[in-house]
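Subject: Model handover

Hello,

Here is the structure for your files. My notes follow below it.

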Amino acid sequence: DRIYVCKDIEDCKDLIPKMSFWFYNKNTNIDTKWIIYEIDTTGLDLSLYEDPNYPGKGFYLLGNVPRENIKVIDSEK
């Protein structure tokens, strides 16, 4: 339902352990290896909301981002 985003790569890397811990505690079978994407928002009509669990660092989008507006900038090896 949500796409989690940060304002910069350092904030994303700071949130990775917290998100991984959350998924781990939920006993899900989700692969928690991380990938950080850059989203080009030019021409997109997206609503950005602050994540109350990560004020000032975590945000989320509702809706879809076209594939051509996304590129990988870092990932877990």
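Tyr 4 is partly exposed, because its relative accessible area is 42%. On this scale, buried means under 20% relative accessible area, exposed over 50%, and partly exposed in between (1.4 Å probe, protein chains only).

First, the ground rules. This is a predicted model: local features need pLDDT of at least 70, side-chain atom pairs count only at pLDDT 80 or more, and totals for chains, interfaces and linings use all residues. Residues are numbered from 1 along each chain as its sequence is written, and side-chain values use heavy atoms, with hydrogens and water left out.

Confidence
The mean pLDDT of the protein is 84, and 83% of the residues score at least 70. pLDDT is the predictor's confidence in each residue, from 0 to 100. Helices (H or I, at least four residues) and strands (E, at least two) are DSSP runs, numbered from the N terminus.

Aromatic rings
The count is two aromatic pairs. Rings of Phe, Tyr and Trp (its six-membered ring) pair if their centres lie within 6.5 Å; planes under 30 degrees apart count as stacked, over 60 as edge-to-face and the rest as tilted. Tyr 4 and Tyr 60 have ring centres 6.2 Å apart and planes at 55°, so this pair is tilted. Tyr 4 is in strand 1 (residues 2-5) and Tyr 60 in strand 4, 56 residues apart. Tyr 60 is buried, at 12% relative accessibility. Tyr 60 also pairs with Tyr 49, and that pair is stacked: 5.4 Å centre to centre, 25° between the planes. Tyr 49 sits in strand 3, eleven residues from Tyr 60. Tyr 49 is partly exposed, at 36%. Tyr 4, Tyr 49 and Tyr 60 make one aromatic cluster.

Salt bridges
Side chains of opposite charge can pair when their charged atoms come close. The whole structure has three salt bridges. The cut-off is a side-chain nitrogen of Lys or Arg within 4 Å of a carboxyl oxygen of Asp or Glu.

- Lys 13 with Asp 74: the closest N and O atoms are 2.7 Å apart. The pair links helix 1 (residues 9-25) to strand 5, 61 residues apart.
- Asp 14 with Lys 57: 2.7 Å, N to O. Asp 14 lies in helix 1 and Lys 57 in the loop between strand 3 (47-50) and strand 4 (59-62), so the pair ties together parts 43 residues apart in sequence.
- Glu 38 with Lys 71: 3.5 Å, N to O. Glu 38 is in strand 2 and Lys 71 in strand 5, so parts 33 residues apart in sequence are tied together.

Glu 38 is partly exposed at 40%, and Lys 71 is partly exposed at 48%.

Nonpolar patch
Which residues make the nonpolar surface patch of about 350 Å²? They are Ile 35, Tyr 37, Ile 70 and Val 72. Patch residues have over 30% relative accessible area and no salt bridge; like charges are joined within 9 Å, nonpolar side chains (Val, Leu, Ile, Met, Phe, Trp, Tyr) within 5 Å. Areas come from the Shrake-Rupley method with a 1.4 Å probe; for residues, only the protein chains shown count as cover. Strand 2 (35-39) and strand 5 (70-75) each supply at least two of the patch residues. Tyr 37, in strand 2, is partly exposed at 44%.

Best wishes
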